[in-house]
Amino acid sequence: MSESRAFCPRCGDPVPDRSAGDGDPAASGHAADPLRPGAEVELCDACYFEDFDFVDAPDRIQVRVCAQCGAVHRGNRWVDVGAQDYTDVAIEEVSEALGVHVDVADVAWQVEPEQVDENTIRMHCYFTGVVRGTPVEEQVTVPVKIARQTCTRCGRIAGDYYASIVQIRADGRTPTTEEMDRAKEIANQVVADMEATGDRNAFVTEMGEVDDGLNIKVSTNKIGKKIANKMIQEFGGTVNDAETLVTEDEDGNEVYRVTFAVRLPPYTPGDVIDLRNDDGGPVLVRSAHGNLKGTRVTTGERYEASHEEGNSPDARKLGELEDGVETTVVAVEDENAVQVLDPETYQAKTVARPDYFDPEAETVPVLKSRAGLHVLPDPDPDTGDEDDDPYDPYDDD
Ligand SMILES: [Zn+2]
Ligand SMILES: [Zn+2]
């Protein structure tokens, strides 16, 4: 490669023509424009390295971390980084902040953190690379200050902030422990799912049982809505929402708090109810989704409430499947009747024989109520038949 007639614009020494052969006249060196520094001007190596700055590093870096949850402040927001220790966070922040000259090829670097005190880490960084065929290296030390603060979310949680309340109630009764426990689980799950997608504004502020149910305070209306919908999906019932103006934010926008009132159905699976205006016998409730469905404890036949009745047919509750008491089968009379011992008086009584009654059984669970004595299905059908239990009222087959 021959030397061109280009000269270093600073010292006047001849410089090798780096663009020889590519036919670009702009690269000949004569296109140098002093008003456009760097524009095609080729300095000689001596002048180039005089100005060369390999690594551009800030004097110091401050990392804002949340002392409660460990989130790191980046840009203008808090980010969950899941860091166990702040050294990793500090290394990451330093690598973001350091700049390396664009001309350098084969850049490699390593960093040695030096913990100075609880909140200061000194980062010793070593860089190597190649520019203009010359190996270059540089060492910089950047002190990183860890500033412990409280992130927006932790501040809100500490301040009992909430945007929405979900009220878990039931029609004509108090929600069961199972329903309330499930509501708490759903609330935690909805929040966990949203957190998993990186949503930092999802949290449960408070869950508190009240006389007639459970109140769940959550950070956004969206979460409240999800919990309420999931509850009625699982248990049936209805949800109504109502907005209340609570305040205006800093920008003068009206801030509403939304209450989601969940009303669970009056009867739950496992309830034994006596329908008014119906002489088909008491019904063991199987499902309260849509129209109430169940099994007649007199015959074992299926029952379904009409569309108008929905999940609340006119009825009274007699007891629950779990209230059943094991009693002795005295005799099987015929296909419609069986004799059992009254669990209170120990007198043999003839009662209706439902089709789930097992003629081989020595004892059966019975419910004694205002409506009389009735044979119930085995509440724990796992004992006996392995898979498909024909006596299981919850079995849809
Ligand atoms: Zn020069
Ligand atoms: Zn926090």
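Strands are DSSP runs of E that span at least two residues, numbered from the N terminus. In this predicted model, His73 falls in one such run, strand β3, which covers residues 72–74. His73 counts as buried because its relative accessibility is 18%, and the cut-off for burial is under 20%. Setting aside neighbours within four places in sequence, His73 is in contact with Arg64 and Trp78. Gln62 lies eleven residues from His73 along the chain. The C-alpha atoms of His73 and Gln62 are separated by 10.0 Å.

The protein chain as a whole contains five helices and 23 strands. It has 397 residues, and buried residues make up 38% of them. Among contacts with a separation of 6 or more, 55% come from residues 24 or more positions apart.

Aromatic pairing was examined next. The structure holds six aromatic pairs. The rings of Phe54 and Phe127 have centres 6.0 Å apart. Their planes meet at 70 degrees, so this pair is edge-to-face; the cut-off for that class is over 60 degrees. Phe54 sits in the loop between α1 (45–51) and β1 (55–56). Phe127 belongs to strand β7, residues 120–131.

Trp109 is in strand β6 (residues 105–117), and Phe127 is in strand β7. These two residues are 18 apart, and their pair again links distant parts of the chain. Trp109 is partly exposed, with a relative accessible area of 36%. Phe127 is buried, with a relative accessible area of 4%. Ring pairs join Phe54, Trp109 and Phe127 with Tyr48, Phe49 and Phe52 into a cluster.

Strand β7 also holds Thr120. Thr120 is buried, at a relative accessible area of 9%. Not counting residues up to four places away in sequence, Thr120 touches Glu114, Gln115, Val144 and Lys145.

Helix packing was examined for α4 and α5. Helix α4 spans residues 177–196, and helix α5 spans residues 221–235. The two pack at an angle of about 135 degrees, with their axes 9 Å apart. That angle makes α4 oblique to α5, because only angles over 145 degrees count as roughly antiparallel and those from 65 to 115 as roughly perpendicular. The crossing of α4 past α5 is right-handed. On the α4 side, the contact is made by Glu178, Glu179, Arg182, Ala183, Ile186, Ala187, Val190, Val191 and Met194. On the α5 side, it is made by Lys222, Ile223, Lys226, Ile227, Lys230, Met231, Glu234 and Phe235. By class, the contact of α4 with α5 has ten nonpolar and seven charged residues, and no polar ones.

Technical notes
Residues are numbered from 1 along each chain as its sequence is written. Chains are lettered from A and ligands numbered from 1 in the order in which they are written. This is a predicted model: local features need pLDDT of at least 70, side-chain atom pairs count only at pLDDT 80 or more; totals for chains, interfaces and linings use all residues. Side-chain values use heavy atoms; hydrogens and water are left out. Axes are lines fitted to C-alpha atoms, for helices over the stretch in contact, and angles run from 0 to 180 degrees between N-to-C directions. Helices (H or I, at least four residues) and strands (E, at least two) are DSSP runs, numbered from the N terminus. Angles under 35 degrees count as roughly parallel, over 145 as roughly antiparallel, 65 to 115 as roughly perpendicular and the rest as oblique. A crossing is left-handed if the near helix is turned anticlockwise from the far one by less than a right angle, and right-handed if clockwise. Contact means heavy atoms within 4.5 Å. Ala, Val, Leu, Ile, Met, Phe, Trp, Tyr, Cys and Pro count as nonpolar, Asp, Glu, Lys and Arg as charged, and the others, Gly among them, as polar. Rings of Phe, Tyr and Trp (its six-membered ring) pair if their centres lie within 6.5 Å; planes under 30 degrees apart count as stacked, over 60 as edge-to-face and the rest as tilted. Buried means under 20% relative accessible area, exposed over 50%, partly exposed in between (1.4 Å probe, protein chains only).
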